[in-house]
Amino acid sequence: MKTRGHQGTGSGGGNRTRKPRRPARDPARNAAYDVVRAVDERDAYANLLLPRLLRERGIKGRDAALATELAYGTLRGLGTYDAIIEMCSDRAPDPDVRDALRIGAHQLLRMRVPPHAAVGTTVDLVRLRIGAGAAKFVNAVLRKIGSRTLDEWLPIVAPDPADDPVGHLAIAYGHPRWIVSAFRDALGAPGEMPDLLEADNARPLVTLVARPGRSSVEELEAAGALPGRYSPYAAYLREGDPGGIDAVAETRAAVQDEASQLVALALTRVPVEGDGEELWLDMCAGPGGKAGLLDAIATHGDLAGLAEEARVRAGTSAGKPAASSGGASVGEPDVARGSVPGAVTGGEPSGARDAAAGGAPGGTPGAVSGAVTGEEPSGARDVAAGGAPGAARGRSGGVAFPGGARLLAADVQQHRARLVRETTKDASVITADGTEPAWRPGVFDRVMLDAPCTGLGALRRRPEARWRRDPAGIAELGKLQRRLLATALDAVRPGGVVAYVTCSPHLAETRVVVGDLLAQRDDVEQLDARDYLPEVEGLGDGPHVQFWPHRHGTDAMFLALLRKKPAQPA
Ligand SMILES: C[S@@+](CC[C@H](N)C(=O)[O-])C[C@H]1O[C@@H](n2cnc3c(N)ncnc32)[C@H](O)[C@@H]1O
């Protein structure tokens, strides 16, 4: 990972002698150093490597927590630490020495490790892992770094905020300049930038989704989680391994950011106009987070929303969507589970449920109809007509979907389609390129397009990701996003709705893509997506929705809702 031009000529250690690896004396710092080195040297992913190292080396408890903070904190703050290291070094350190200096700087500037311990332990690490000469160099540099606090260093190494606010924020909060600039453009509230960047540096809470009809927030609470803030299906896990929770192990629940849940929920809340069947498409479904929730709602309904609507009818509404009810008792239609007859025209089916999805034009040999072509699911017509089942509305906008639809989920990559198959229960899953549709046009009531993007909205999750992203890729991604959005709009029937979602707030991937498509088509109108998430504040000026880590505690997810205009009567 090349963050600054330190690729060394001058060594930090002169005539260093590399010693054979000896047993680690400081397991946490050795593990953190190995992770930072692997990220730097061979583009490893810290969040995959660190848990493996901790497991293999039997590092647990406080040592594991220390190793995690050292590795992740160092990687997030690289830009800041490199600027200070450069100021304190009389020569460019070699990469292995520089990585140790970065870990030492993180302890001195952002952790509560006493300075003598931060310097001493890093020098010991370097002596053990690199050599005595390098240890001397590191000792001298770290002492200089430790002579000032971070607040004292910033005016020295960062541009004056009055002259260059973006450059200042980039150094002060350890983000590449182009990302700070992109966030600033999208946020439109420069005063919030420090809070946003600070939130982007914090480790996110583990958020779980209880898939309706399959699990419940109450079940997750019993396993130690706390109910979510916005999504009626969300629960926060403060500690512990989510994989150890039965509901997660059985894919009835899953790890899923709350904004990811809400954009999927918003799509299901839009009343679809016209006389349609309930057939949904997730065009870029892998690895299956949103497909897992959409599949559950398609089958069982938005149980929390239906319960809320029932309370409104009875005059006892709490005025806020309720936590999910555990069973499938509320409003769940009794429909046969089948495939998606009539929808799939091509693709590359693989596996049992792919086979059920079809491959033959005209549908599915042997498929069970009912969910989408058979008897009318209770409430489906109410929704199609734009009203809630039973005509009660639980919120200011949208309706709770009653269930009885079928989801077709596609991904261009076979292994990602396989992951979708593993996490969904009733969906039909195919490997297919969304730009060359394997389905008939105009047949879907709701289409989720969670487009491939830079992922700038989820930098909190991968400590090193911000240094690896490259603005040069955005133009190519933009072309793909436009092609996918065009086929998503072709796939939806008149009166149906498309959710265009990115896990990036970058305007070139969000508003500009949507604006370009709207300018090209007169058969599409944009809905105010905020109307379908009335429980969430601070979503911006609309009509799209933009989540932010510092406002919502979620990833910076973008949502636009586009309706295909209903066909005009002849
Ligand atoms: C942002 S991810 C989707 C995340 C997913 N919706 C979820 O919630 O787990 C984008 C996905 O698009 C897929 N993809 C990229 N190009 C595609 C294409 N042309 N057609 C279909 N899928 C594509 C990628 O393989 C990737 O799995």
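Me: At what angle do H4 and H5 pack, and how far apart are their axes?
Reply: This is a predicted model, and the values here are computed from it. The contact involves Leu78, Thr80, Tyr81, Asp82, Ile84 and Ile85 of H4, and on the H5 side residues including Leu101, Ala105 and Leu109. Angles from 65 to 115 degrees count as roughly perpendicular, and H4 and H5 are therefore roughly perpendicular to each other. The angle is about 100°, with the axes 9 Å apart.

Me: How is H4 placed against H7, and which hand does the crossing of H4 and H7 have?
Reply: Helix H4 (residues 78–88) packs on helix H7 (residues 132–145) at about 110°, with 9 Å between the axes. That angle makes H4 roughly perpendicular to H7. The crossing of the two is right-handed.

Me: Which residues of H7 meet H4?
Reply: On the H4 side, the residues involved are Ile84, Ile85 and Cys88. Ile84 and Ile85 also take part in the contact with H5. Their partners in H7 are Val141, Lys144 and Ile145.

Me: How many of the residues of H4 are buried?
Reply: Buried here means under 20% relative accessible area. The buried residues of H4 run from Leu78 through Gly79, Thr80, Tyr81, Asp82, Ala83 and Ile84 to Ile85, with Cys88 as well. They pack against H3, H5, H7, H8, H9 and H20. H4 is mostly covered, and the count is 9 of its 11 residues.

Me: Which residues touch the most other members of the largest nonpolar core?
Reply: This core has 74 residues, and helix H1 (residues 27–42) gives the most to it, with 8 residues. Apart from it lies another core of 49 residues, among them Leu293, Ile297, Phe401 and Val429. In the largest core, the residues that touch the most other members are Val35, Leu109 and Ile145.

Me: Leaving aside its neighbours within four places in sequence, which residues is Ile145 in contact with?
Reply: Ile145 is one of the H7 residues that meet H4. Contact means heavy atoms within 4.5 Å. Leaving aside neighbours within four places in sequence, the partners of Ile145 are Ile84, Ile85, Cys88, Ala105, Leu108, Leu109 and Trp153.

Me: In what order do the strands form the open sheet?
Reply: S3 pairs with S1 over 4 bridges and with S2 over 2 bridges. S1 also pairs with S4, over 3 bridges. The edge strands, S2 and S4, each pair on one side only. The pairing is antiparallel, and the order is S2-S3-S1-S4.

Me: Which residue of S4 stands opposite Val209?
Reply: Strand S1 covers residues 206–210. Toward S3, Val209 stands opposite Ala234. In S4, the residue opposite Val209 is Ala254.

Me: What angle does the direction of H14 make with that of S1?
Reply: Helix H14 (residues 258–269) packs on the sheet, where it touches S1 and S3. Angles under 35 degrees count as roughly parallel. The direction of H14 makes an angle with that of S1 of about 30°.

Me: Are the residues of S3 buried or exposed?
Reply: A hairpin of 6 residues joins S2 to S3, and Leu226 stands opposite Tyr236. Ala234 and Tyr236 point one way from S3, while Ala235 and Leu237 point the other way. On both sides, these residues are buried.

Key: Residues numbered from 1 in each chain as written. Predicted model: local features only at pLDDT ≥ 70, side-chain atom pairs only at ≥ 80, totals over all residues. Heavy atoms only, no water. Buried < 20%, exposed > 50% of the residue type's maximum accessible area, 1.4 Å probe, protein only. Pairing = 2+ DSSP bridges. Core = buried A, V, L, I, M, F, W, Y, C linked by side-chain atoms within 4.5 Å. Axes fitted to C-alpha atoms, helices over the stretch in contact; angles between N-to-C directions. Parallel < 35°, antiparallel > 145°, perpendicular 65-115°, else oblique. Left-handed = near helix turned anticlockwise from the far one by under 90°.
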